[in-house]
Amino acid sequence: MIQSKKYYLDTFGVTEEQLRAITETAMATGGSYADLFFENTSYSDLMLRDGEVTSGGFHIDYGVGIRVLKGERTGYAYAESTDMAAMLSAAKAASAISRGDRPADGSIADSKGYVPRLYRGAPNPAADRYPILKDWRTASASEFIPILNKLKDMIQQRDPRIIKITAVLQDQVSDIMMYNIYGELKYETRPMGTLAVSVIFSDGKTTQSSHVSRSYRMGAEMLTDEVLSELADKAVRNLDDRFAARRPKGGKMPVVMGAGASGILLHEAMGHAFEADFIRKKQSVFSGKLGKKVCDENISIVDDGTIRGNRGSINFDDEGVPAQRTYMVENGILTSFLHDRVSARHFKVAPTGNGRRESFRFAPIPRMRATYMESGNSRPEDIIASVRKGIFVDEFSNGQVKIGEGDFTFFVKSGYLIENGRLTMPIKDINVIGNGPKALADIVAVGNDSIVDECAWTCGKEQSAPVSCGIPTVLINNLTVGGE
Amino acid sequence: MTEGRLTYEEIQAADKALSFAAANGADKCRITLTKSLMDMTGILNGRVDKVTHCLDRAITFSLFVDGRFGTFSSNRLDEKALEKFILKAIGTVRMLAKDKFRDLPPQERVARPDLSGENLGLCDIEAYESMTPAKRRAFALDSSRYKKWPANPDYKVISEEGEYSDSISDIYIIDTAGTRCRQTETSFEYGVEVTIADSKGNRFSANTWDANPHFALLHKDVSDEALKMAVAKIGSKACKSGRYPMVLSNICSSRLLTPMLTALGGYAIQQKNSFMVDTLGKKILPDYLTIMDRPHMEGCSGARLFDSEGVATEEGPVIEAGVVKKYFVNTYISNKTGMKATVDDISKACVVPTAGKPDEVTANFDGTWIEVNGFNGGNCNSVTGDFSYGVEGFVAKRAAGGRIIRKPVKEMLITGNLLELWNNLEAACDDALRKNTHQVGTLIFRDVDFSG
């Protein structure tokens with residue numbers, strides 16, 4: 001949602017003249033670029049536990065982050081108050097990065113190289129990817145309590161083995177305003193709603209659990225019966241198989257990843273290594289591979305900030321650069337890394353709108369948005385039928401990757417053994433382990449069913465950021481599966 | 001007055017807010033006021049790359065209104081804004097369902113107000129206050145070794161990324177029953193990640209760190225250690241799957257203790273989301289395993305005088321000779337379940353050593369074992385305790401003449417059940433690292449399933 005300029009200036013109690021004065025202070029010791037990031041965020045949460053909504057609350061986070069760049073070096077400080085003294089103090093602290101670097105003639109240092117004045121003027125309302133139809137901030141908790149109760153009832157009636165249900169509704173609305181040394185002023189209001197459910201089941205002998213969620217950059221209009229029903233279905237999905245699931249025998253084998261949530265492997269094992277701060281520092285395993293073939297020509301991988309209402313979407317990033325749909329891999333060729341202004345300057349390319357931050361407390365760094373692989377040509381059932389012995393994974397969690405080496409490990413929450421082209425025994429609680437570039441090169445079939453998952457994915461690279469991930473059904477030829 | 005410490009005015013604002021909440025509909029109220037200041041200097045390849053200055057402040061209200069409960073927080077402390085905030089919060093709590101089990105802890109369980117971080121040796125105010133931007137920069141640059149490492153024909157250093165930071169944090173808890181406790185502590189830390197490439201271009205990275213509440217005790221050789229760890233990985237590959245003894249290094253051994261501590265949490269037990277349900281007072285682990293909670297270990301990070309409710313922490317066994325002695329139960333879960341109230345979470349878990357140094361234990365080993373010194377992903381099922389983790393380290397073998405041959409391994413997985421694993425504990429060594437919150441030395445387990 002984008003409101004008037006006056007709304008944002010009033011929210012933060014500042015004038016454009018003051019913004020100019022703060023950036024001048026930030027640049028006074030010789031910085032080459034400075035920007036300000038104002039944020040006023042309100043969070044609310046409600047929790048249903050043991051049958052009733054018995055706890056809830058709201059939280060306010062308010063402040064301004066001030067960044068000074070000197071070449072590729074960063075100075076950063078923030079104030080939790082927007083009175084002029086506090087902001088000037090933070091500006092001086094941030095300018096420490098360039099202390100003593102001011103030219104002898106007293107002039108402001110050369111600021112060329114930070115993509116000046118590409119994004120002038122007010123935001124374009126046509127690019128608003130998250131208009132708020134029902135503002136979380138003006139709605140009352142009393143409107144949402146019946147919704148959580150309804151969700152509980154919908155889940156409860158789906159299976160008699162349920163012994164505990166916990167449901168949490170969280171919403172967040174952030175007024176954001178950005179200003180930089182070029183006089184560019186950007187502003188918008190970012191919503192986010194998340195509905196998450198944990199269910200514990202018992203058949204009298206063993207206990208199982210499921211955790212499901214839906215999250216959108218939307219107002220309270222996201223709470224439809226359709227979403228509730230989908231969550232309730234997903235919470236009890238394949239429950240008989242969960243109770244029957246076993247650990248398979250481990251070893252190296254083909255792994256088929258199911259469409260949608262398996263995309264977290266793409267995010268962790270490949271996506272992070274495409275983030276240009278790791279490339280700039282030469283730490284990524286993909287350093288020096290731009291323009292080279294990294295996988296089969298049927299594979300294209302995108303990082304997309306433009307999907308309407310998606311958790312990873314943005315109108316512009318936290319440096320004021322418009323969001324875009326960035327092809328990282330196109331037809332098997334590595335075509336772009338994900339840039340913020342710092343890495344873009346280093347590589348002399350335009351930033352890709354990936355400069356994101358958790359809040360005003362953090363300097364922006366290259367972060368993914370919604371990362372997914374585009375559909376290929378194979379039918380999912382044909383991919384499964386092509387495997388003589390392997391595993392099919394439909395849900396991963398707890399992935400980790402080592403950027404330098406590209407080695408990754410992922411925990412398989414649920415899936416099936418594949419025997420002679422058919423899904424057989426349900427499996428659980430195992431890991432797959434591999435190497436990102438090698439796994440990418442080992443993808444031998446890509447399904448025609450790419451889905452961007454709508455769970456509440458949060459990326460934790462130094463600071464948290466809401467993201468999405470997706471993938472079609474794919475076959476990776478050779479991964480290590482940990483089992484009995 | 002140090003900028004990162006709570007001021008008299010801020011404490012007074014919290015005290016006033018408590019009275020205001022009580023006078024405007026809150027039957028009971030707890031306020032937690034926190035403040036911290038952290039300065040960080042980042043170094044990339046021997047040059048200053050980043051400088052940050054972070055001052056944070058927050059006030060959190062736990063409100064008990066008409067038998068209902070809610071939690072609210074803000075970082076805006078001006079009086080008028082806070083009063084408006086409190087009135088809105090009280091109105092919101094009134095919309096929730098009643099919960100008769102919510103209450104403040106009884107006064108006999110809360111911490112003494114005259115104790116603070118100084119009593120635990122957690123404050124080095126003198127060193128902290130003497131820090132200047134120039135000193136921080138000098139220390140960070142001095143800790144970097146990138147420009148001092150000689151060229152080596154076997155590998156090339158790709159990058160050295162280090163961070164020196166120092167911080168002060170202050171917490172103040174008050175409630176309408178009379179609780180008033182405060183803890184202030186300082187921390188000094190240097191962490192580094194080194195990435196290298198071998199002669200074939202294969203990359204290996206390692207990171208390590210040191211932290212201490214006292215600046216003088218901070219180690220300065222962290223970068224060399226990280227390089228040594230990265231170099232040791234050259235040539236690493238998966239080894240043959242099988243069951244091997246696992247020597248789990250003290251740098252990462254607490255990783256396999258944490259899920260067990262989580263499973264002892266009262267909330268997890270109440271929700272049946274724990275593999276430790278119905279184990280209190282039962283012997284489920286070996287005789288020689290004792291795990292203590294030592295919240296008052298002087299000068300050690302993680303030490304604390306009170307928990308999030310202001311309840312005084314105390315030293316005592318969590319597992320004693322294999323018997324579960326304690327669940328972590330706060331006032332709410334205690335009232336709800338009838339379980340004895342303890343503290344909301346463990347402070348400093350200490351696995352009582354059963355042996356000396358790891359070499360003394362492995363001196364008796366024949367055949368092959370795997371020394372694990374790092375994890376790469378994985379998970380433990382909170383309900384069943386079944387786990388699978390990615391690991392790396394060395395495969396070790398005793399050769400003729402008793403010499404040990406070590407080869408680096410990676411892309412390995414360990415799989416099993418946590419309770420079964422701990423029942424296969426061979427030894428807990430006496431080499432816990434002081435910098436770690438939980439004091440867990442090298443752990444040696446029998447018959448661990450490795451696949452690679």
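This is a predicted model: local features need pLDDT of at least 70, side-chain atom pairs count only at pLDDT 80 or more; totals for chains, interfaces and linings use all residues.
A helix crossing is right-handed if the near helix is turned clockwise from the far one by less than a right angle.

Begin with chain B as a whole. Colour residues 8–232 as domain 1, and residues 242–255 together with 354–451 as domain 2. The C-alpha centres of these two domains of chain B are 31 Å apart.

Next, select helix α1 of chain B, residues 8–23, and helix α2 of chain B, residues 79–93. The crossing in which α1(B) passes α2(B) is right-handed. Their axes lie 10 Å apart, at an angle of about 35°. Show side chains for B:Ala13, B:Lys16, B:Ala17, B:Phe20 and B:Ala21 on α1(B), and for B:Glu79, B:Leu82, B:Glu83 and B:Ile86 on α2(B), which make the contact. This contact comprises 6 nonpolar and 3 charged residues, with no polar ones.

Just beyond α1(B), select B:Gly25, whose phi is positive, about 120°.

Finally, display chain A against chain B. The contact draws 60 residues from chain A and 51 residues from chain B. On the chain A side, strand β2 (residues 52–70) supplies the largest share, 12 residues. That side of chain A has 20 nonpolar, 27 polar and 13 charged residues. Now select strand β3 of chain B, residues 68–74: β2(A) runs parallel to β3(B), and 2 bridges join them. End at A:His59, which stands opposite B:Ser73 in β3(B).

Methods. Residues are numbered from 1 along each chain as its sequence is written. Chains are lettered from A and ligands numbered from 1 in the order in which they are written. Domain bounds come from an automatic or database domain assignment. Helices (H or I, at least four residues) and strands (E, at least two) are DSSP runs, numbered from the N terminus. The expected span of a helix is 1.5 Å times one less than its number of residues. Two residues are in contact if their C-beta atoms, placed from the backbone, lie within 7 Å. Ala, Val, Leu, Ile, Met, Phe, Trp, Tyr, Cys and Pro count as nonpolar, Asp, Glu, Lys and Arg as charged, and the others, Gly among them, as polar. Two strands pair if DSSP finds at least two bridges between them. Axes are lines fitted to C-alpha atoms, for helices over the stretch in contact, and angles run from 0 to 180 degrees between N-to-C directions.
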